[in-house]
Amino acid sequence: MNKYQIEQFLSSYSLFRDLDQMEISKIADISISREWQKNSHVFLQGDPIENVYFIHKGKVKIYRSDVNGREQIVNILKGGEMFPHVGFFRKGGYPAYAEVLEPSALITIPISHFERVLIENPQLSIKVFKVLGEKIVDLQERLEEQILNNTYEQIIKLLIRLASKHGSQQEDGKVCLKAEFTNKDLANMIGTTRETVSRTLTKMKKENLIETDDKGSLILDPQVLLEELL
């Protein structure tokens, strides 16, 4: 991507939408466009925090790994999203891994340069704090789900969240969630086992709460699943 394309891309982000052309140009000047191959890592857990990334196209998995190598998926990000949000103000190492799930194009902004832009543009600093606030609320809600809900309820809320973020609306009002998340992925998102997720999904299919199409995609009605939580 050339500078003009980077400017056009960044200006579409809610984070930068209210900036004028000169301000966007300053950010584009410090931005680097790069292609990433599937299964490559943008950074590893513990690597020094040096950059923030904006996804132009593709999909990136953010996950943590414990001393036993067990994976905990923090988030699945796609085009139009940024990561890591802690990168703006946290010193030290990245708190998780970032793995590319499909060929992706990312815009890289060095944090040291971005901090200077924030100092020069207080309006942008305020917008960054708003975005961080939204992420904090999301993480708080997910933590509450793990504390207050049983595994069955957590799986239902996870499916609703994934459907909202990654699903496509069908004519009948239901949502199609493509078969891009394995049962192991779903389990890693809420800290349970693949077997538990498999049994739960089988149970939900028998009760007609969800169904699968011939491609293995999940078909669900978020409203029906919400009613299951009442």
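Predicted model: local features only at pLDDT ≥ 70, side-chain atom pairs only at ≥ 80, totals over all residues.
## Helix 5 from end to end

Let's start with helix 5, which runs over residues 151-166. It has 16 residues and reaches 22 Å from its first C-alpha to its last, close to the 22 Å expected at 1.5 Å a residue. At the N-terminal end sits a cap: a side-chain oxygen of Asn-150 lies 3.2 Å from the backbone nitrogen of Tyr-152.

Which residues of helix 5 are buried? They are Gln-154, Ile-155, Ile-156, Leu-158, Leu-159, Ile-160, Leu-162, Ala-163 and His-166.

## A closer look at Lys-157

Lys-157 also belongs to helix 5. Is Lys-157 buried or partly exposed? Its relative accessibility is 25%, so Lys-157 counts as partly exposed; the buried label needs a value under 20%.

If you skip the neighbours within four places in sequence, Lys-157 is in contact with Glu-145, Asn-149 and Leu-229.

## Helix 5 meets helix 7

Now follow helix 5 to its meeting with helix 7. The two axes come within 11 Å and cross at roughly 75°. Because of that angle, helix 5 is roughly perpendicular to helix 7, as angles of 65 to 115 degrees count that way. On the helix 5 side, the contact is made by Thr-151, Tyr-152, Ile-155, Ile-156 and Leu-159. Helix 7 brings Thr-196, Val-197, Thr-200, Leu-201, Lys-203 and Met-204. Sorted by class, this contact of helix 5 with helix 7 has 7 nonpolar, 3 polar and 1 charged residues.

## Helix 6 meets helix 7

Helix 7 (residues 194-206) has another partner here, helix 6 (residues 183-190). How do their axes meet? They come within 8 Å and cross at roughly 110°, so helix 6 is roughly perpendicular to helix 7. Helix 6 uses Asn-183, Lys-184, Leu-186 and Ala-187 for the contact, and helix 7 uses Arg-194, Val-197, Ser-198 and Leu-201. These residues divide into 4 nonpolar, 2 polar and 2 charged.

Helix 6 is mostly covered, with 6 of its 8 residues buried. Those are Asp-185, Leu-186, Ala-187, Asn-188, Met-189 and Ile-190. Just after the helix comes Gly-191, which takes a positive phi of about 75°.

Most residues other than glycine have a negative phi, and most peptide bonds are trans.

Asn-39 is not a glycine, but its phi is positive, about 75°. You'll find Asn-39 in the loop between strand 1 (32-36) and strand 2 (41-43), partly exposed with a relative accessible area of 49%. Asn-208 is not a glycine either, and has a positive phi of about 60°. This asparagine sits in the loop between helix 7 and strand 9 (210-212). With 68% relative accessibility, Asn-208 counts as exposed.

Where is the cis peptide bond? It runs from Phe-83 to Pro-84, with omega near -15°. Pro-84 has its place in the loop between strand 5 (82-83) and strand 6 (97-110).

Terms used:
Residues numbered from 1 in each chain as written. Heavy atoms only, no water. Helix = DSSP H or I, 4+ residues; strand = E, 2+ residues; numbered from the N terminus. Buried < 20%, exposed > 50% of the residue type's maximum accessible area, 1.4 Å probe, protein only. Contact = heavy atoms within 4.5 Å. Axes fitted to C-alpha atoms, helices over the stretch in contact; angles between N-to-C directions. Parallel < 35°, antiparallel > 145°, perpendicular 65-115°, else oblique. Nonpolar A, V, L, I, M, F, W, Y, C, P; charged D, E, K, R; others polar. Expected span 1.5 Å × (residues − 1). Polar contact = N/O pair within 3.5 Å; in protein donor to acceptor, adjacent residues only side chain to side chain.
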